[in-house]
Amino acid sequence: MKNERAHIGTSVGLLVLGAAAAFLAGREFLSMRSAEPVHPAPGLTRQELLSRYLPALAGTPGDTDVYIFEGREPGGTVLVTGGTHANEPAGYVSAVVLAENLRVAKGKVVVIPRANASGFTCNDPQEANPQRFTVETAGGPRVFRLGSRLTNPVHQWPDPTLYENPAGQMLSASEVRNLNRCYPGRPRGYLTERVAYGIMELIREEKVDLGIDLHESAPEYPVINAIVFHDASAELAALAQMSLQSEGLEFRLEASPPNLRGLSHREWGDTAGIKAVLIETPNPVQGRLKGRTTAALVVEGKDKAYLKASRLGRLFIPYDEKGVPLSERVARHLAGVEAVLQSLAELEPEKAVAIEGVPAWRRVLDEGLGPFLR
Ligand SMILES: [Zn+2]
């Protein structure tokens, strides 16, 4: 009898422990679905949701914040997207830094920090990636989500066996959840295609002249520290590269292959007829040669395995003990955006966009990200 009571006690205890573990794990899992706040700069003139441009996105996990900064003087319109790939933190954080510091004197700037909002609600399976990383600021720590390259399968499932994207290219199944393969989108297609279509509608409605999509890639991947340009933007990109070079920043110039379809800059250029570039910085949590993936690796970018790979000549970037910190990668993106805007002003003065308030890249390099996040 006494024994039996002990058994019941143990069982109840284990059930309570199990329920507590499930509750805590469930709470942690669901917390991935809430987006951290962005605190736009006082220069913000309008805040919209992507669903304003494609109402079919309202209430879906594909809807996302759009920050619009208009200058008093007329000029061109530029769209900057971060978070097309939510596992490329410098693209996302650079767009947040823009949204939190920008003032526009001439023309208009549209910033979408989380282009694929659904990708921020999960991370890549079997990668043991941290869910978040932290940047210290004067007002306390800012926590950011490290998401997935792809739309959350909970939001878009199942994948087809083969995926024919809206541009007519056959791709492997999971690319149906890659926003950077789903352009120009379909208004009633998969969620990711609807997001792409929503961005195309925004480009039309806001009369965007130039699109800049911010990305990162693995240090062992050749298209890195690069400006990838659409055919019609070759001169724009070349001018930007020269001015970056004169400031001591090396960027490769990469012509986007015309037969690789469905990418943001490709279809923004082909379908919407606007100027379009993509900027890449090195992301040490994205490659295959890295060691353990930690939140510190996201922010500090230091990895012994990459150091070894670099000494063996396996990387496409310079890499030493200093690593590739997030602040340096954001500095490169900001410098890239400024240089491309400068080129636009030189080539098409009537479409010039003049921005203020964005920290100079050298300051971000020297002072880190903290002072430039609200
Ligand atoms: Zn990317």
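Predicted model: local features only at pLDDT ≥ 70, side-chain atom pairs only at ≥ 80, totals over all residues.

**Entry 1: the zinc site**

I started with the zinc ion, which is coordinated by His85 (ND1), Glu88 (OE), Glu88 (OE) and His215 (ND1), at 2.1 to 2.3 Å. Donors here are N, O and S atoms within 2.8 Å of the metal (3.2 Å for Na, K and Ca), and since water is not among the atoms, sites may look incomplete. Residues are numbered from 1 along each chain as its sequence is written, and side-chain values use heavy atoms, with hydrogens and water left out.

Along the chain, the zinc donors follow the spacing H-x2-E-x126-H. Glu88 sits in the loop between strand S3 (73-81) and helix H2 (89-101), and His215 in strand S9 (residues 210-217), so I looked at a pair linking distant parts of the chain, 127 residues apart. Helices (H or I, at least four residues) and strands (E, at least two) are DSSP runs, numbered from the N terminus.

Are Glu88 and His215 buried or exposed? Glu88 is buried at 2% relative accessible area, and His215 is buried at 2% too. The cut-offs: buried is under 20% relative accessible area, exposed is over 50%, and partly exposed is in between (1.4 Å probe, protein chains only).

**Entry 2: salt bridges**

How many salt bridges does a search of the whole structure find? I got 28. A salt bridge is a side-chain nitrogen of Lys or Arg within 4 Å of a carboxyl oxygen of Asp or Glu.

One of them joins Lys351 and Asp209, with the closest N and O atoms 3.9 Å apart. Lys351 lies in the loop between helix H8 (326-347) and strand S13 (354-356), and Asp209 in the loop between helix H3 (191-205) and S9, so the pair ties together parts that are 142 residues apart in sequence. Lys351 is partly exposed at 28%, whereas Asp209 is buried at 19%.

Next I checked Arg311 and Glu321, which meet at 3.0 Å, N to O. Arg311 is in helix H7 (residues 304-311) and Glu321 in the loop between H7 and H8, so this bridge ties together parts 10 residues apart in sequence. Arg311 is exposed at 62%, and Glu321 is exposed at 51%.

Last one: Lys322 pairs with Asp320, closest N and O atoms 3.5 Å apart. Lys322 is exposed at 60%, but Asp320 is partly exposed at 33%.
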